[in-house]
Amino acid sequence: MTQRANGSVVVRHEVGMHARPSVKLTQLAKSFAAKIDLGASADGPWIDAKSIVKVMRTRTPKDAVLHIRAEGADATSAVRALIELIERDFELET
Amino acid sequence: MIRLAGTAAAPGLASGRLVRLAAVERAARRHGTPEEERAALTTAVAAARDALAALAERNPGEEASGILAFQIELLQEGELPGIAYEAIAKGGTAEAAWQAALEAEIVDYESSTFPYFRARASDLRDLRERVLEALFGSGNEPIPAGAIVAADDLAPSRFLATDWDGGGIVLRRGSATSHVAILARSRGVPMLVGIDTARLNGHREALLDAEEGVLILDPDARERSEFERRRAAHAARLAEEAVHLARDATTASGERVRVLINIAGPDDLAAVDPAHTDGVGLMRTEFMFHGREQLPGEEEQYRAYRRVVEWAQDRPVTIRTLDAGGDKPVPGLTLEGESNPFLGVRGVRLSLRRPEVLGVQLRALARAAVAGPLKIMVPMVTTPDEFARCRALLVHAAAELDAKGIPARRPPLGMMVEVPVAALEIERFDADFYSIGSNDLIQYLNAVSRDAAELAALGRPSSGLWRLIRAICEHGRRTRREVTLCGDLASDPRAVPALLECGLRALSVVPSAIASVKAAVARQETRA
């Protein structure tokens, strides 16, 4: 069954969505079947969360709100997992 | 002999043969049909990806693998090759199509207002060259071991493929935030940026001093021996500091001095081993309030505070309540248009005008205190009444949580001593501990703004400051209250003797100064 899900999260990492966090985010996004998009606002414009080139192009700075929407069988868990990753600060600290 | 000034991007000193890297010259490549060009590019991208993966395997470690993972990911996905394939379909050659696709991306990165993203342009240049190399089957000459390498810019992957062994790096472009600078720091390779590399023509030998930010070309004997002296002194200092980093700080007379750290948020802890510290002497909380639409909630604050307490593993953590105002405005909270914000509604003055905001913070702190020895510090206290009101709010917050059955503890409440009138009559303040904020205390004592570069000489510590600190320490000793100093002064090894002399036995420093401050403590005699 096709699900739709969305959510938003504040990027807390010191330099925002930089190279390493973006790699982790796209790799996690690719582990889901759902189509996943990121947007700077709740109304888009939306970009493909599975593309590192596009994620880096957003130049999301620290403290920016990132909106996530997904569509597909595992949309709900995809949005939850991405928000968790960003909230955990990309696990860059252990 | 020529001396060129540059900006240090990685510390240290190096000397050696000067090697200038020239741009690669490529032989012509035979062009085929669009299908053949597309296939050639596909093969080159795959080869470049494999080469990067092999390089990543040879260079384990957080920094290197993270940087390479970014480049591998860029080649892994179809986005950039896709742009090039479109150009090839329109009749372009593989190399021109790839260069154009990358160039557009590089220009975009270079025009970013964020220095971090601008610095990423060099990763893309690196990627562009690597694929072109695979396409033409010819690449860069390897860099000889131990050389002082001068170039416009240096690709991270080329850095990783080089044996640095005592060498160094001099770049015209680049910055301290570039990936190659991060790598150079993590591998201990001295590096300068902002050097006009065109002026290096015809020179053979160089001394690179990233401590002083100079490059010396074709040095004479005197210059050479002076450099060796500096290099030996630097090595001795590093060795001495390394010995002290993991040790407890103890004076030459055997007295224990606690060295804690100042942090601006949990992010600052990533590179610090808690065992090298005696805890966190100052955690600022402004980071949570900046650049956002709404103020942080209790849950978010609680989680941030708890992370720091857990990091410290039973060492004390002192967290300062919001110190907004002054040079740290928070939209929607601090007053706008104050003519003199440093003397305006800042620190506790603001918190007491917005008790609901302070209440959320105190509740979050009381909850986090369950996880370990957390202490709360109030900034900018001027009168005993202000402090008493904060204490009442903390008692109230703890009672509220208790009534709801939420686990919480009432942490010790201390004051930051930074207003001269409070420092002068410290005994009127019934705080559980005192922490001297020397930056503001000096600015208010000397009536010299912290940002007035022209008055830097007037803004130095005075005998009046030492006298005040001595009196605060004396009061702390008499009443068995802890006294710490958490301003910039504590991080300056040259100031350590005077601070110990005043009676301070706890210093809270920036994380990068832990070893140098401990070493300075160890050199100092104290009378117990």
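These questions and answers cover a predicted model with chains A and B. Residues are numbered from 1 along each chain as its sequence is written, chains are lettered from A and ligands numbered from 1 in the order in which they are written. Local features need pLDDT of at least 70, side-chain atom pairs count only at pLDDT 80 or more, and totals for chains, interfaces and linings use all residues.

Colleague: How many residues of chain B are in contact with chain A?
Modeller: Two residues are in contact if their C-beta atoms, placed from the backbone, lie within 7 Å. Chain A brings 17 residues to the interface. The count for chain B is 19.

Colleague: Which helix gives the largest share of the side of chain A that touches chain B?
Modeller: Helices are DSSP runs of H or I, at least four residues, and strands are runs of E, at least two, numbered from the N terminus. H1 (19-30) and H2 (52-57) of chain A each supply at least two residues to that side. The largest share is four residues, from H1(A).

Colleague: How are H1(B) and H4(B) oriented to each other?
Modeller: Axes are lines fitted to C-alpha atoms, for helices over the stretch in contact, and angles run from 0 to 180 degrees between N-to-C directions. Residues 34-58 (H1) and 94-110 (H4) of chain B pack at about 55°, axes 9 Å apart. Under 35 degrees is roughly parallel, over 145 roughly antiparallel, 65 to 115 roughly perpendicular, and the rest oblique. The pair is therefore oblique.
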